[in-house]
Amino acid sequence: MASIPARTVSVIPPSAGGGPGVTAGDRTTEVVSRFYSAYLARPGRATAANFVDPPLLAVLFAPQAAFDRVVCGHTLPDSITVAPATPSGSSATVQVTPTHQGATRPPIEVTVRASDQRITRIDCAD
């Protein structure tokens, strides 16, 4: 019986020199990493509900989607790479790069609200 390789998440660590302690950007990067790790293991609304703001959840799982709006594709990627967050006012943006069968897909831009660390937007590349 052939085994199915586990899907993986790679996180690019924040650059050195940021000082001691965990920053808001680090927390945001961790939230996005945990979300995609959980979603790749168990895709669906129930998993996303733990991380995603309810109005976005309704959009992501609206009926008749042509593709999975969380991973911006028709199939789940084999792995993703999460870049460090870029804070901007009351939110931060994280770039997620999926890889499927060795090919890198266009990056996904994920916006997280700083106050409660909920994902408020997932933008697929054109």
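Me: Which residues are linked in a network of salt bridges?

Reply: A salt bridge is read here as a side-chain nitrogen of Lys or Arg within 4 Å of a carboxyl oxygen of Asp or Glu. In this predicted model, D53, R113 and D116 are linked in such a network. R113 forms a salt bridge with D53, the closest N and O atoms being 2.8 Å apart, and this pair links distant parts of the chain, since R113 lies in strand 6 and D53 in the loop between helix 2 (45-49) and helix 3, 60 residues apart. R113 also forms a salt bridge with D116, where the closest N and O atoms are 2.9 Å apart.

Me: Is D53 buried or exposed?

Reply: The cut-off for buried is under 20% relative accessible area, and exposed means over 50%. D53 counts as buried because its relative accessibility is 15%. R113, at 25%, counts as partly exposed, and D116, at 38%, also counts as partly exposed.

Me: How many salt bridges does the count come to, and where is one that involves R121?

Reply: The count comes to three salt bridges. The side chains of R121 and D123 meet in one of them, at 2.8 Å from N to O. R121 is partly exposed, with a relative accessible area of 47%, and D123 is partly exposed as well, with 24%.

Me: How do strand 6 and strand 7 run, and how many bridges join them?

Reply: Strand 6 and strand 7 run antiparallel and are joined by six bridges, with R113 standing opposite R118 in strand 7. The hairpin of these two strands has four residues between them, and in this hairpin Q117 takes a positive phi near 55°. On its pairing with strand 4, strand 6 again runs in the antiparallel sense, over six bridges, and there A92 stands opposite V112.

Me: Which residues touch the most other members of the largest nonpolar core?

Reply: A core of this kind is read by asking which buried nonpolar side chains join one another. The largest one here has 27 residues, of which F35, Y36, V52, V96, V110, I119 and I122 touch the most other members. Among the elements that give two or more residues to this core are helix 1 (24-41), strand 4 (91-100), strand 6 (108-113) and strand 7 (118-124), and helix 1 gives the most, with six residues.

Me: What is V110 in contact with, leaving aside its neighbours within four places in sequence?

Reply: With those neighbours left aside, the contacts of V110 include V32, Y36, A92, V96, I119 and I122. In helix 1, V32 and Y36 are both buried, as are F35 and L40.

Conventions
Residues are numbered from 1 along each chain as its sequence is written. This is a predicted model: local features need pLDDT of at least 70, side-chain atom pairs count only at pLDDT 80 or more; totals for chains, interfaces and linings use all residues. Side-chain values use heavy atoms; hydrogens and water are left out. A nonpolar core is a set of buried Ala, Val, Leu, Ile, Met, Phe, Trp, Tyr and Cys residues joined through side-chain atoms within 4.5 Å. Buried means under 20% relative accessible area, exposed over 50%, partly exposed in between (1.4 Å probe, protein chains only). Contact means heavy atoms within 4.5 Å. Two strands pair if DSSP finds at least two bridges between them.
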